[in-house]
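Here is a note to read with the model open.

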Amino acid sequence: MSVLGSQLSSDQEVPESHPRYKSLLLRNRVVDGVARGITSPHGLIAHGRGEAFDYLIGEETRDFALVAIEAAAAHMLLAASPVISMNGNTTAIVPEESVRLSSVLGCPLEINIFHSSKEREKAMQGALLGCGADTVLMPEEGYTLEYIASNRRFVNRNGIFKSDCVFVPLEDGDRCQALVRMGKVVIVVDLNPMSRTAQTATVTIVDNVIRCLPLLCDRIQELRGRGRSVWQRVVEGYDNVRTLKLAEERIRGGAARE
Ligand code: PTJ
């Protein structure tokens, strides 16, 4: 087992003593995802952008992310039909963690990709089922989101289409805007607090998906027993503008001050 769960053959090339060991193993996940037909080649570029922001954040889950994780957990517990939206990057990087989140919440995973490919959707579904997922919903031609023209508009009638709360680990901003305009609660994970996705979401967790998902599952389990009035209070007390401001401050100068 590697620090990221199951071991890839390419992981053996990376000495544990390497100062960027974890980061290099994470890269291997994305590269392996492309080789297995799960991740789009564009996902490599998106991952590199994420790495750069993570470097500036200090590659740690910061307080502003912990506060957002708590708000995300409360929203998901309050939701009538939450759903987890999966793209090619998250299916390669955090398949087990996403399956755990879906089982903790008792909600489906749904495949929703930007770069259209039926083969890739099937490969992603197979990978998630192989990690123990119960339900992996697929996009349906007859069910589309308003306010969006890309392939992401196709959704599943029992998932994103009817959902009141969509969890969206990293993606481009168009669909996030569309989902919010349709009145849904949108929770995103994005290492770039200045992206359209980050700026539009109801709750933005500025953290790496690899660190954030286990923390989110734990927080949901801790909050579950505390009841709706506590979840409601957490949601009402949360300020996403402040989260984004703190994250941006950290990126622009925090690292230099330490
Ligand atoms: O599988 P598909 O076809 O749906 O395509 C997925 C990608 C990611 C290629 C597509 O959604 C895309 O192009 O996304 P963007 O516009 O590059 O946005 C990705 C965002 O995720 C950027 O703001 C990155 O900083 C951020 N990001 C990248 N890796 C991580 C991340 N955020 C959190 N954790 C990461 N590991």
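The numbered points below begin with the basis of the values.

1. This is a predicted model, in which local features need pLDDT of at least 70 and side-chain atom pairs count only at pLDDT 80 or more, while totals for chains, interfaces and linings use all residues. Residues are numbered from 1 along each chain as its sequence is written, and side-chain values use heavy atoms, with hydrogens and water left out.

2. Helix H1 covers residues 21-35; helices (H or I, at least four residues) and strands (E, at least two) are DSSP runs, numbered from the N terminus. H1 has 15 residues and reaches 21 Å from its first C-alpha to its last, close to the 21 Å expected at 1.5 Å a residue (the expected span is 1.5 Å times one less than the number of residues). Just after H1, Gly 37 has a positive phi of about 75 degrees.

3. Tyr 21, Ser 23, Leu 25, Leu 26, Asn 28, Arg 29, Val 30 and Gly 33 are the buried residues of H1. Buried means under 20% relative accessible area, exposed over 50%, and partly exposed in between, with a 1.4 Å probe and protein chains only. The buried residues of H1 pack against helix H2 (42-57), helix H4 (88-93) and H9.

4. Helix H5 (residues 95-105) is largely enclosed by the rest of the structure, because 8 of its 11 residues are buried. Those buried residues are Pro 95, Glu 97, Ser 98, Val 99, Leu 101, Ser 102, Val 104 and Leu 105. Gly 106 follows H5 and has a positive phi, near 65 degrees.

5. H5 packs with helix H9 (residues 209-224) at an angle of about 15 degrees, the axes being 9 Å apart. Axes are lines fitted to C-alpha atoms, for helices over the stretch in contact, and angles run from 0 to 180 degrees between N-to-C directions. H5 is therefore roughly parallel to H9; angles under 35 degrees count as roughly parallel, over 145 as roughly antiparallel, 65 to 115 as roughly perpendicular and the rest as oblique. By class, the contact of H5 with H9 has 9 nonpolar, 2 polar and 4 charged residues (Ala, Val, Leu, Ile, Met, Phe, Trp, Tyr, Cys and Pro count as nonpolar, Asp, Glu, Lys and Arg as charged, and the others, Gly among them, as polar).

6. H3 and helix H10 (residues 228-237) pack at about 135 degrees, with axes 8 Å apart. The two helices H3 and H10 are therefore oblique to each other. Glu 70, Ala 71, Ala 74, His 75, Leu 77 and Leu 78 of H3 meet Arg 228, Trp 231, Gln 232, Val 234 and Val 235 of H10, where contact means heavy atoms within 4.5 Å. This contact of H3 with H10 has, by class, 7 nonpolar, 2 polar and 2 charged residues.

7. Leaving aside residues up to four places away in sequence, His 75 touches Cys 165, Val 185, Ile 187, Thr 202, Val 203 and Val 235.

8. Arg 157 sits in the loop between strand S3 (136-137) and strand S4 (165-169). Arg 157 counts as partly exposed, because its relative accessibility is 40%. Residues up to four places away in sequence aside, Arg 157 touches Glu 140, Tyr 143 and Lys 162. Arg 157 and Ile 111 are 46 residues apart in sequence and 12 Å apart in space, C-alpha to C-alpha.
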